[in-house]
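Hi,

Here is the structure I promised to pass on. Have a look when you get a moment, and then read on for my notes.

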Amino acid sequence: SRQTVTVQVGGMTCGSCVRSIENAVSQLRGVHSVHVSLKEGKAMLTFDPKLIEPELLRSAIEESGFEATLSE
Ligand code: 9UX
């Protein structure tokens, strides 16, 4: 199954920030896709809710060095 979530991300200032978040999150088991928008300051993810939950996605982004807040 597939679910979507948006995470508000603070502290991104360049394209390397985007790539580091995409790399970190995409390696987590259960993540189908991740797209990070530098301009909008957010990450949009799809994942299998049986394998991972939104809070772990949020905390992985924070562990990468950014402020991360689940939205909606
Ligand atoms: Mo760019 Mo982002 O020099 O953490 S990598 S600001």
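A point to begin with, keeping in mind that this is a predicted model: G65, which comes just after helix 2, takes a positive phi of about 110 degrees.

That brings me to helix 2 itself, which spans residues 54-63. Which of its residues are buried? They are L57, R58 and I61. These three cover an arc of only 100 degrees around the axis, so they sit on the same side of helix 2. The other side has E55, S59 and E63, which are exposed. As for what the buried residues pack against, the partners are strand 1 (3-10), helix 1 (15-26), strand 3 (42-47) and strand 4 (67-71).

Next, please look at L38, in the loop between strand 2 (31-37) and strand 3. L38 counts as partly exposed because it has 14 C-beta neighbours inside 10 Å, while a buried residue would need 20 or more and an exposed one 12 or fewer. Leaving out residues up to four places away in sequence, L38 touches M12, G15, C17 and V18.

Best wishes

Terms used:
Residues numbered from 1 in each chain as written. Predicted model: local features only at pLDDT ≥ 70, side-chain atom pairs only at ≥ 80, totals over all residues. Helix = DSSP H or I, 4+ residues; strand = E, 2+ residues; numbered from the N terminus. Arc of directions from axis to C-beta. Contact = placed C-beta atoms within 7 Å.
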